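User: I am new to reading protein models. Please take me through this one, a question at a time.

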Amino acid sequence: MHAVIVGAGMGGLFAALALRESGQFASIDVYEQTREPSTAGAGLNIPPNGARLCKWLGVDLDGGDPKGPHGAVDGGRAAILESTRGIPADGSVSTKPIDHNTATGDGAGFHHMHRLDLLMCLYKRVFEVGPKTGATCPIEVHMGKRLAALRQDPSSATTTFTDGSTAAGDVVVGADGINSKTLQLLWPDAPPRRSRESME
Ligand SMILES: Cc1cc2nc3c(=O)[nH]c(=O)nc-3n(C[C@H](O)[C@H](O)[C@H](O)COP(=O)(O)OP(=O)(O)OC[C@H]3O[C@@H](n4cnc5c(N)ncnc54)[C@H](O)[C@@H]3O)c2cc1C
């Protein structure tokens, strides 16, 4: 089978790696609207369960060069939280170590990292299984491809991009973020985004 993924954010690249791991696909193509990887926001936290999944998918969260250039395709530069500190009103400081010896004993710690660094270590992993590497089930990322239309029949789905090009797959995964065009095209009446109020 062949999978088409729309969006090369964290969701799209993780989905590509996970579909590849399933062993059900011959190749996977990811289509991203921007010309180069970018992401909003600053830091994020990855708890031990997430870090364990990253390890399983071959994504290196903390083996990168801590002094490397910003936005470089690199092993990640995550810091692993070793302890928390409490500072009550009297100004004293208490430290509580975080036990790294998780239930499964694999040492997956509580990671902190910049969002762009996480994206870059996802790209690094995806490039390691790119079409030119000879890897089974290669993953290819196509930049500058903005989804405009979607058509499906009983056996396949076809995406059309704003430059007029198309891509067909047995499966199309919409990983195009909170204002998903995929969602809009398939379910035009879906609210454009969820807010806390609409979920209450
Ligand atoms: C400031 C901030 C801090 C956060 N901190 C944390 C945290 O600590 N821990 C945590 O787990 N989560 C955190 N989150 C949430 C997390 O970042 C999001 O859940 C995550 O980015 C969602 O990933 P995604 O791939 O679904 O969407 P996105 O990251 O939005 O990626 C979507 C991708 O699709 C592309 N795209 C969009 N439309 C199209 C189209 N028409 N055609 C082709 N491509 C398209 C976009 O360019 C983008 O690259 C934080 C979010 C923010 C904003």
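User: Which side chain makes a polar contact with the side chain of His-142?

Analyst: His-142 sits in strand 8 (residues 139-142). Helices (H or I, at least four residues) and strands (E, at least two) are DSSP runs, numbered from the N terminus. A polar contact is a pair of N or O atoms within 3.5 Å; within protein, one must be able to donate a hydrogen and the other to accept it, and residues adjacent in sequence count only if both atoms are side-chain atoms. At 2.6 Å, the partner of the His-142 side chain is the side chain of Asp-29.

User: How far can I trust such details, and what do the residue numbers refer to?

Analyst: This is a predicted model, where local features need pLDDT of at least 70, side-chain atom pairs count only at pLDDT 80 or more, and totals for chains, interfaces and linings use all residues. Side-chain values use heavy atoms, leaving out hydrogens and water, and residues are numbered along each chain as its sequence is written, from 1.

User: Leaving aside neighbours within four places in sequence, which residues is His-142 in contact with?

Analyst: Contact means heavy atoms within 4.5 Å. Neighbours of His-142 within four places in sequence are left aside. That gives Asp-29, Val-30, Tyr-31 and Glu-32.

User: Is Val-59 buried or exposed?

Analyst: Val-59 is found in the loop between helix 2 (48-56) and strand 4. Buried means under 20% relative accessible area, exposed over 50%, partly exposed in between (1.4 Å probe, protein chains only). Val-59 has a relative accessible area of 5%, so this residue is buried.

User: Which residues does Val-59 touch, not counting those up to four places away in sequence?

Analyst: Residues up to four places away in sequence are not counted. Two of the names are cysteines, Cys-54 and Cys-121.

User: Is Arg-125 buried or exposed?

Analyst: Arg-125 lies in helix 3. Beyond residues up to four places away in sequence, Arg-125 touches Leu-17, Arg-20, Leu-57, Gly-58 and Val-59. Its relative accessibility is 19%, so Arg-125 counts as buried.

User: What is the order of the strands in the open sheet of three strands?

Analyst: Strands of a sheet pair through backbone hydrogen bonds, either parallel or antiparallel. Two strands pair if DSSP finds at least two bridges between them. Strand 3 and strand 7 (residues 111-114) pair in the antiparallel sense over four bridges. The order is 3-7-4.

User: Which are the edge strands?

Analyst: An edge strand here pairs on one side only. The two are strand 3 (43-46) and strand 4 (79-80).

User: Which residue stands opposite Ala-149 in strand 10?

Analyst: Strand 9 (residues 147-152) and strand 10 (residues 157-161) run antiparallel, joined by five bridges. A hairpin of four residues connects strand 9 to strand 10. Opposite Ala-149 stands Thr-160.

User: Where is phi of Cys-137?

Analyst: Cys-137 is in the loop between helix 3 (115-128) and strand 8. Cys-137 counts as buried, because its relative accessibility is 9%. Phi of Cys-137 is positive, in a residue other than glycine, and near 45°.

User: How many helices and strands does the chain have?

Analyst: Buried residues make up 32% of the 200 residues in the chain. The C-alpha atoms fill a box of roughly 65 × 45 × 35 Å, taken along the principal axes. The secondary structure comes to five helices and 12 strands.
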